[in-house]
Amino acid sequence: MAQRYLIRTYGCQMNEHDSERIAGLLEGDGMVPAEGTDDADVIVLNTCCIRENADNKLYGTLGYLKSLKDDRPDLQIVVGGCLAQKDRELIQERAGHVDVVFGTHNVHRAAELMAEAREHGPILEILEETAADYLASFPTALPAKRDLPYASWVTIQIGCDNNCAFCIVPAVRGPEISRPFGELVAEVERLAAAGVLEVTLLGQNVNSYGRDLTTRLRTIDAGPADTYEAGEAWAIDERRRPRPLFADLLRAVGSIDGIERVRYTSPHPKDLRPETIAAMAETVAVCEHLHLPLQSGSDRILAAMHRGYTAARYLERLDAAVAGVPDLAVSTDIIVGFPGETEDDFEATLEVAAAAEYDYAYTFQYSPRPGTEAADMVDRYVDPATTNDRYERLRTVVERSARAKHQARIGRRERVVVEGPSKRDPSVTSGRTRQNKLVHFTAPQPLKPGTQADVVVVDAAAHYLMGEFREVVAVPRYRTHIPVTAAGVETPAPH
Ligand code: SAH
Ligand code: SF4
Ligand code: F3S
């Protein structure tokens, strides 16, 4: 009987995508998904360490899994991801029943490590930097099964070269590496051929995509073969650029037949270029949604965070985007209680948040991360009660604009892509608009995920819209099973 696996994912889209790739590897080895912990032969925890409660959560979950493993010693417990990269040996020291620990630079080795552990006992493999074969594995080790069959994540860049004072990501994900332009286009073409209509381009700082690709190419006389690495605009176009821009990639991916929606996350405000806004406006497939992380509205705090912009600069860029892209929805990330944040600093954040009129915002209470610059500012830590109070005040401001933005859509006809039955009430269908808004509506017949339908918005809350079904516009084209190793993957052009 086939072995059954269960993957629990914590953290951001990068991790979700890594989990899909791990699932792809395991299914390639003949495993099948488990229903839950009870029938799983392997449990993989793909971890996150962006905030402290993630640590507590992992060790809590591992404690619970120990009792399962006591009953079923064959159960294999695997911990991967960012917290594994950070904690390394500590995981097996604190939880001796963990069979495999792997990090962020060797995700492609997950299945092999599990096989090795079955033979030889517990194993830990954490690499300091991204393995070359990890990068090479991207296009082939695609998931056998995605969460949403019509939509796919596409990692365009791994790691991060910024040094935001609060953030642990550079320490656990390593320096920025962009994937070759041609490889990304080929990957999306292949996804489109398999019926995927929506892609989300992923990176910690997507606007700096390509910065690292041309350093080598700049020193040689680039020819058409190098377009694989850096894209046509870089190598042969008469408007030749010093490097491929994220905007070039948006245009290239957005013009692939069958791709109806292109999303991306996250752009860094300091690197948001007019070219990106123009590409959004001029490429029909690119959705009218910009996630532009603010972090703080106080210039003093932004400087202490090393964010590289002021509040005025942020709003200027946001205004340019809103002016350039009709009907643009805007979302953000904000941290409250960064060390040294005063009431005045926080009020500046409230002001910027109100001025930006966000459609939604992810708000966080500052959490010190070991090894980051801000974690050492102990004498300036904001007391938890104050942080909590600010957090609630900020939420009120964000919800006000979110509700207003949503209410303004009442009466409009919107195109949604169906996600499936609503989680709360299966008789209700949920879909998403181009602006990334969730719409619940009653469909006259069950609609497969990926169906495109028109609805009229009849009601609005802060986090969703209610719609009235009008008509099905297109049915999905995807096949249920996408081969783990796809045939016809383009191999890199020789350099
Ligand atoms: N690369 C993305 C952010 C990735 S982390 C960017 O620069 O926009 C996602 C969000 O987690 C961040 O935007 C930030 O708001 C939050 N975050 C990161 N470190 C944090 C910390 N130490 N405490 C609280 N929130 C944090
Ligand atoms: Fe972290 Fe800043 Fe990099 Fe985002 S840009 S991942 S917040 S260091
Ligand atoms: Fe968490 Fe790692 Fe993402 S720390 S937020 S899973 S990059």
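Reader: Which elements do the buried residues of helix 16 pack against?

Author: In this predicted model, where local features need pLDDT of at least 70, side-chain atom pairs count only at pLDDT 80 or more, and totals for chains, interfaces and linings use all residues, the buried residues of helix 16 pack against helix 14 (299-305), helix 15 (311-324), strand 13 (329-336), strand 14 (360-365) and helix 17 (384-407). Residues are numbered from 1 along each chain as its sequence is written, while chains are lettered from A and ligands numbered from 1 in the order in which they are written. Helices (H or I, at least four residues) and strands (E, at least two) are DSSP runs, numbered from the N terminus, and two residues are in contact if their C-beta atoms, placed from the backbone, lie within 7 Å.

Reader: Which residues of helix 16 are buried, and why are they on the same side?

Author: An α-helix has 3.6 residues a turn, so residues three or four places apart point the same way. A residue counts as buried if 20 or more other C-beta atoms lie within 10 Å of its own, as exposed if 12 or fewer do, and as partly exposed in between. In helix 16 the buried ones are Asp-345, Phe-346, Ala-348, Thr-349, Val-352, Ala-353 and Ala-356. Because they cover an arc of only 150° around the axis (taken from the directions from the helix axis to the C-beta atoms), they lie on the same side of helix 16. The face turned away from this buried side carries the exposed residues Glu-343 and Asp-344, and after the helix comes Glu-357, whose phi is positive, near 50°.

Reader: Is Glu-471 buried or exposed?

Author: Glu-471, which is found in strand 19 (residues 465-474), is exposed, because it has 10 other C-beta atoms within 10 Å. Not counting residues up to four places away in sequence, Glu-471 touches Ala-453 and Asp-454.

Reader: How many residues does the largest nonpolar core have?

Author: In soluble globular proteins, nonpolar side chains tend to be buried together. A nonpolar core is a set of buried Ala, Val, Leu, Ile, Met, Phe, Trp, Tyr and Cys residues joined through C-beta atoms within 7 Å, and the largest one here has 122 residues, with Val-199 and Leu-201 among those with the most contacts inside it. Helix 12 (residues 246-254) gives the most to this core, with six residues. Leaving aside neighbours within four places in sequence, Val-199 is in contact with residues including Val-188, Leu-191, Val-253 and Val-262.
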